[in-house]
Amino acid sequence: KISEIDYDFLSYYVNFLKSLSLKLTQDTIQFFFHSNINSFPLFENAFHLYNYNDPMISNVVRNIFLTFCKINDTNFNNEYLSTLPCIEYFAFIACRLRERMQKLYINSGDLLNFDIEEINDILDDIINDILYIQDSFSLNIDKINFILSNCLMYYLILPCIFGVLVDTSNQKFCDHKIALYMLCAFLYYINNETFLNCLFTLLTFE
C-alpha cells in the first residue's frame, strides 16, 4: 500500500511527465525518442500507471498518451505508436472496459447488497472510458484507429457483448441487459466511421 508521502511524490512525478509531454514537438521529440532501439522512456514510465487506482493519476496518464499521439512526427507514429510495447496500451484500454462491465454485472446482480451509488460510479467510469476511446479515434491516426478497433473487437465486443447477445445463456462476462447497454453506449458516443461500420456489420450478420 502506497504511503501518503509516496502518493504526493507520485502526483508530482506524473505531473512532471505531463509537463514534459506538453513541451514535445516534432523538433524536440528527437531528444526523448530513441529510434534505433524503438524506446521512448517518457511514455514507458507513465504507462506503468495507466490503471492506477487514483482517478487523478490515471487521467493524467491518459492525457499524456493523447498528447504523444498529437505529435506530428511520421517516424515516431510509425515506429513507436503502432508497435510493441506501445500497442499493449490499446489492449489494456479494452480489457479495463471489460473489467468494468463484469464489475457492473456482479454488483447489479446482488439484490441483497444493492448499492445504487456504486452502480452509478461504475456507469460513470464506463462512459468516461468510452469517451476516452472516442478522443483516441478523433486523433485521426489511421494506424492507431486500426489497432484500437481490433483490440476492442477482440477483447471486448466479440466475446463479451455479442457473445452474450447471441447466446443469452452465456453470462461469463455480463447479462444481455448490460451487453445491450454497452452496445448502445458505443453507438451513441463513438463516431468513428470504420468502427461503427464493423458494429453495424456484426448486427446485420447476427
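I looked up the largest pocket first: 14 residues line it, and P55, S58, R62, R100 and D125 lie nearest its centre. The model is predicted, so I took local features at pLDDT of at least 70 and side-chain atom pairs only at 80 or more, while totals for chains, interfaces and linings use all residues. Residues are numbered from 1 along each chain, and side-chain values use heavy atoms, without hydrogens or water.

My pocket is an open set of points on a 1 Å grid where a 1.4 Å probe fits, with protein on both sides within 12 Å along at least five of seven lines; lining residues have an atom within 4 Å of a point. Helices α3 (55–69), α5 (88–109) and α6 (116–137) each give two or more residues to this lining. α3 gives the most, four residues. I sorted the lining into three nonpolar, five polar and six charged residues. The volume came out at about 250 Å³.

Next I checked α6. Helices here are DSSP runs (H or I, at least four residues). At 1.5 Å a residue, its 22 residues should span 32 Å, and the end C-alpha atoms are 32 Å apart, which agrees. Buried residues (under 20% relative accessible area, 1.4 Å probe) in α6 include I119, I122, D129 and F137.

Of its 70 residues, I157, F186 and F195 touch the most other members. Helix α7 (residues 142–166) supplies the largest share, 12 residues. Beyond four places in sequence, I157 is in contact (heavy atoms within 4.5 Å) with L152, F162, G163, F195, L199 and L202.

Definitions and conventions: A nonpolar core is a set of buried Ala, Val, Leu, Ile, Met, Phe, Trp, Tyr and Cys residues joined through side-chain atoms within 4.5 Å. Buried means under 20% relative accessible area, exposed over 50%, partly exposed in between (1.4 Å probe, protein chains only). Grid points are joined across faces, edges and corners, and a volume is the space filled by probe spheres set on the points. Ala, Val, Leu, Ile, Met, Phe, Trp, Tyr, Cys and Pro count as nonpolar, Asp, Glu, Lys and Arg as charged, and the others, Gly among them, as polar. The expected span of a helix is 1.5 Å times one less than its number of residues.
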